[in-house]
Amino acid sequence: MTVLITGANRGIGHALATRYAQRGLVIGTYRTAPPDDTPETLSWHQLDVAQPQSQAALCHKLDGHPIELLICNAGIYLDKGENLADGYPVDQWEQSFASNVTGVFLTVQNLLPNLQVAGTAKIAIISSQMASSTRAPGGSYIYRASKAAALNLGRNLATDLKGLDIAVGIYHPGWVRTDMGGDSAAISTDEAADGLVNRFDALSLGTTGCFETWDGRPHDY
Ligand SMILES: NC(=O)c1ccc[n+]([C@@H]2O[C@H](COP(=O)([O-])OP(=O)(O)OC[C@H]3O[C@@H](n4cnc5c(N)ncnc54)[C@H](OP(=O)(O)O)[C@@H]3O)[C@@H](O)[C@H]2O)c1
């Protein structure tokens with residue numbers, strides 16, 4: 001089984017890559033540079049998910065190579081602490097949507113032939129509890145809107161890809177101690193990755209379109 005993970009050079013993506021490298025072949029993508037600690041079963045490719053040329057280059061390199069599980073993990077959270085009166089600049093909206101929304105769509109679109117070649121395949125989109133419109137505590141408008149859009153993408157892709165035997169799940173990875181989550185977050189990257197791997201194992205055409213937490217609870221939309 002080959003797994004491809006975007007944004008695998010650090011944080012949750014790196015912990016997931018380490019887990020899957022123990023099981024078989026993993027393709028990790030990095031934007032600038034791969035990390036030093038690389039098991040033999042982990043190969044690295046450059047990918048900036050927001051750049052169509054970078055997506056096309058990866059697509060060309062992986063032509064014909066089956067991918068059984070695609071994990072769209074790369075993401076940014078730029079507007080932490082912005083204030084409503086004069087914050088949330090336009091360039092933050094542009095960058096955030098380019099990585100968190102367009103980046104997810106382009107990754108799925110470009111790697112769809114690789115998923116189809118695999119026969120049956122899965123796509124996991126790492127969204128967030130901040131995607132929820134039911135749970136709306138305010139603030140972080142850009143990140144929340146981008147993750148809500150990623151959730152919506154996943155739900156609609158689930159409908160369109162079911163006929164191709166590709167299941168799509170959308171996940172909240174927990175509040176995780178990473179550069180993004182910060183030091184006071186609730187769980188480690190290992191805990192998040194262990195939980196997520198279990199969720200991806202459980203994903204099927206019967207549960208496609210699910211929005212779940214890392215520890216297996218259905219999430220409010
Ligand atoms: N940590 C949390 O508490 C938490 C909670 C809910 C959801 N999430 C989601 O979980 C995912 C992983 O988060 P994390 O906490 O591991 O964050 P992180 O430590 O900040 O790592 C983010 C990863 O995404 C990559 N990335 C960002 N933009 C990219 C782009 N345009 N192209 C390619 N790679 C890009 C980064 O690459 P560089 O090293 O090049 O920047 C890095 O590898 C994200 O989607 C995040 O929104 C995290």
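## The second largest pocket

By class, 8 nonpolar, 2 polar and 5 charged residues line the second largest pocket. The model it belongs to is a predicted one. The space in this pocket comes to about 160 Å³.

In total, 15 residues form the lining of the second largest pocket. Glu68, Thr120, Ala121, Lys122 and Leu203 lie nearest its centre. Two elements give two or more residues to this lining: strand E5, spanning 121-126, and helix H5, spanning 189-202.

## The largest pocket

Now for the largest pocket. Its volume is about 880 Å³. The lining holds 39 residues. Closest to the centre of the largest pocket are Asn73, Gly75, Ile76, Thr178 and Met180.

H1 gives the most to the lining of the largest pocket. Its share is 3 residues. Sorted by class, the lining of the largest pocket has 16 nonpolar, 17 polar and 6 charged residues.

## The ligand and its shell

Where does the ligand sit? The ligand is found in the largest pocket. Around the ligand there are 29 residues. Those that come nearest are Arg10, Arg31, Asn73, Tyr143 and Thr178.

The shell around the ligand divides by class into 12 nonpolar, 12 polar and 5 charged residues.

Which part of Arg10 faces an oxygen atom of the ligand at 2.7 Å? The side chain of Arg10 does, through an N or O atom. For Asn73, the backbone takes part: one of its N or O atoms lies 2.7 Å from an oxygen atom of the ligand. Val49 also uses a backbone N or O atom, which lies 2.9 Å from a nitrogen atom of the ligand.

How much of the ligand does the protein bury? Taken alone, the ligand exposes 900 Å². The protein buries 94% of that area.

## The cavity

How many cavities of 30 Å³ or more does a search of the whole structure find? The search finds 1. The volume of the largest cavity is about 40 Å³.

The lining of the largest cavity is made by Thr6, Val49, Cys72, Asn73, Ala74, Ser99, Gly103, Val104 and Thr107. By class, this lining has 4 nonpolar, 5 polar and no charged residues. Helix H3, residues 90-117, gives the most to the lining of the largest cavity. Its share is 4 residues.

## Residues to revisit

Some names come up again. Asn73 lines the largest cavity. Asn73 is also one of the residues closest to the centre of the largest pocket, and one of those that come nearest the ligand. Val49 lines the largest cavity, and a backbone N or O atom of Val49 lies 2.9 Å from a ligand nitrogen atom. Thr178 is among the residues closest to the centre of the largest pocket, and it is among those nearest the ligand.

Notes. Residues are numbered from 1 along each chain as its sequence is written. This is a predicted model: local features need pLDDT of at least 70, side-chain atom pairs count only at pLDDT 80 or more; totals for chains, interfaces and linings use all residues. Side-chain values use heavy atoms; hydrogens and water are left out. A residue is near a molecule or strand if one of its heavy atoms lies within 4 Å of it. A polar contact is a pair of N or O atoms within 3.5 Å; within protein, one must be able to donate a hydrogen and the other to accept it, and residues adjacent in sequence count only if both atoms are side-chain atoms. Accessible areas come from the Shrake-Rupley method with a 1.4 Å probe; for residues, only the protein chains shown count as cover. On a 1 Å grid over the protein atoms alone, a cavity is a set of points where a 1.4 Å probe fits but cannot get out, and a pocket is an open set with protein on both sides within 12 Å along at least five of seven lines; lining residues have an atom within 4 Å of a point. A molecule sits in a cavity or pocket if more than half of its atoms lie within 2 Å of its grid points. Ala, Val, Leu, Ile, Met, Phe, Trp, Tyr, Cys and Pro count as nonpolar, Asp, Glu, Lys and Arg as charged, and the others, Gly among them, as polar. Grid points are joined across faces, edges and corners, and a volume is the space filled by probe spheres set on the points.
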